[in-house]
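Please view the sequence and the structure before reading on.

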Amino acid sequence: MSEPSLGGRGAVVVGGGSGVGLAVAELLAAAGAGVVVNSRDAAAVRRATEAITEKGGRATGIAGSAAEEGIAERLVAACVETYGEIDILVNCAGIAEPPRSSILDVTAADWRALLDSHLTTVFATCRAAAPRMAARGSGSIVNTGSFAYLGDYGGTGYPAGKGAVTSLSLAMAAELRESGVRVNVVCPGAKTRLSTGPDYEAHIRDLHRRGLLDELTMRGSLDAPPPEYAAAVYLYLASDAARRVSGEIFVAAGGFVGRFAKPEMKPLGYRDHNQAGPWSPEELDAMIPDR
């Protein structure tokens, strides 16, 4: 199959100043899309847009927090004004959980900052972009989740935000399906500023020591692949090659690509409430298998 062509399309990449977001922005531009790069770091935005344009791509940048309604709307408006339309929205923004943060000591300020960066950014940008896409009958939204939503990495606002992003994305995929707008999630494994440094390495080793991470997961977390590998999955989901793919949760880590199955409810017991009272604690305990 040939490389996807995104010529004539407009894209917004939130968190596009570094890491996975930058790799995605560069790949979308190389495929022909005009890209609006966003980051809270103005210098990172400038470097990213210069890197793209120096390679012959089309890029413009807007700095600021996309969790703010005004910034989110500016990103969409800039994409429409500069490239004719917004066809692709990619959310890659994120901040790290404070070192050794847990429910035992996280501050309310840290909690709000984490949810703003991960969840509110996705909400604000999708709310700004989705109506235009739905009215036109096409568009691709790719949001960034994380393995952390399973809870294996501990933390508070980071896994909560990523889990909420995943749930919100699935809800949007269901709602927008009849409008021709696709919504998917990528959980990337990549070496970025969030997954490097002594604090990060100490955190991963501590999780292994406590039994939260197995040996294989620990080693993979400490030797993450370059962001370009994950970016390839975002490009696929943005392209027409994935025109039938929506409401999916993918894993992209180096040469590994996977998909999370949607949780399924497993019946444990049933009795007609019209003929019997509530289950007793003893009855419930008997029907719940050991984990």
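The model is predicted; local features need pLDDT of at least 70 and side-chain atom pairs pLDDT 80 or more, whereas totals for chains, interfaces and linings use all residues. Residues are numbered from 1 along each chain as its sequence is written, and side-chain values use heavy atoms, without hydrogens and water.

The second largest pocket has a volume of about 240 Å³. A pocket is an open set of points on a 1 Å grid where a 1.4 Å probe fits, with protein on both sides within 12 Å along at least five of seven lines, and lining residues have an atom within 4 Å of a point. Of its 17 lining residues, S138, G139, S140, G180 and R182 are the closest to the centre. The lining divides into four nonpolar, five polar (Gly among them) and eight charged residues (Asp, Glu, Lys and Arg).

S140 belongs to strand β5. S140 counts as buried (under 20% relative accessible area) because its relative accessibility is 1%. The C-alpha atoms of S140 and S239 are 8.0 Å apart, although 99 residues separate the two in sequence.

On the surface, L268, W279, L284 and I288 form a nonpolar patch with about 340 Å² of accessible area together. L268 lies in the loop between β8 (256–260) and α9 (281–287).

Methods:
Grid points are joined across faces, edges and corners, and a volume is the space filled by probe spheres set on the points. Patches are made of residues with over 30% relative accessible area and no salt bridge: like charges are joined within 9 Å, nonpolar side chains (Val, Leu, Ile, Met, Phe, Trp, Tyr) within 5 Å. Accessible areas come from the Shrake-Rupley method with a 1.4 Å probe; for residues, only the protein chains shown count as cover. A salt bridge is a side-chain nitrogen of Lys or Arg within 4 Å of a carboxyl oxygen of Asp or Glu. Helices (H or I, at least four residues) and strands (E, at least two) are DSSP runs, numbered from the N terminus. Buried means under 20% relative accessible area, exposed over 50%, partly exposed in between (1.4 Å probe, protein chains only).
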